[in-house]
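Let's walk through this one together, starting with the overall build and then zooming in on a single residue.

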Amino acid sequence: MSRLRQIVGAVGILAAVAGFLAMFVPAVAAGIDATQSLVTVIGILALLQGYRVVRARRRTSVREFETPDPETQQPLPTPGDDFDEAITARRGKHWAARRHRVATRLEEAAIDAITYAEDCSEAAAHDALEAGTWTDDPVAAALFSDGDPESATVWSKIRDTLSMEPAFDRRARRAAHAIADLQGVDAE
């Protein structure tokens, strides 16, 4: 703090004390002659002080409140993305393991769906899955059994062959739709 500020501060404190004394003890103020020239001097001092404060404020930089950055939207995976990726991946050294995981996940989901829809035990659901009676779709049922769907006609086999879609993908897709139907989920 500069020397001038200390002096001005001390004068201000003394003036405040004198003002309080004059207010609470009027006899102290009786000795002060408040002429027009004294009021003018005090007014000029007040104007000079105001000018000094305004000038000091103009020299300082503008301080602004900085709001925090809005929360950025984080990309979140869609449920089932890893399943879709596993079912469409056809390359890589772990391709067979991914197919096995897909089939296992579908089997677990199918057993859950059958127990939910048929109100039966897991053993009964597993039996229905192996027998292919859990759905009306023979292609979906064939995912959990060996070989072609039982009701596959020659034409459907030709159509499936010409579609260029791998049999596993077709069966997995149809099984997922059948499971969704059992759960009452709109698969589209």
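Here is a short tour, from the whole chain down to one side chain.

Keep in mind that this is a predicted model, where local features need pLDDT of at least 70, side-chain atom pairs count only at pLDDT 80 or more, and totals for chains, interfaces and linings use all residues. Numbering starts from 1 along each chain as its sequence is written, and side-chain values use heavy atoms, with hydrogens and water left out.

The protein has 9 helices and 0 strands, counting DSSP runs of H or I with at least four residues as helices and runs of E with at least two as strands, numbered from the N terminus. As for overall shape, the C-alpha atoms fill a box of roughly 125 × 40 × 25 Å along the principal axes. The radius of gyration is 44 Å, while a compact globule of 188 residues would come in near 16 Å; that figure is taken over C-alpha atoms, and the globule rule is 2.2 Å times the number of residues to the power 0.38.

Of the 188 residues, 18% count as buried, meaning under 20% relative accessible area (1.4 Å probe, protein chains only).

Now zoom in on threonine 135, which sits in the loop between helix 6 (122-131) and helix 7 (138-142). Is threonine 135 buried or exposed? Threonine 135 counts as buried because its relative accessibility is 17%. Beyond its neighbours within four places in sequence, threonine 135 is in contact with Ala140, Ala141 and Ala178 (contact means heavy atoms within 4.5 Å). A polar atom of the threonine 135 side chain also lies 3.2 Å from the backbone nitrogen of aspartate 137.

Definitions and conventions
Buried < 20%, exposed > 50% of the residue type's maximum accessible area, 1.4 Å probe, protein only. Polar contact = N/O pair within 3.5 Å; in protein donor to acceptor, adjacent residues only side chain to side chain.
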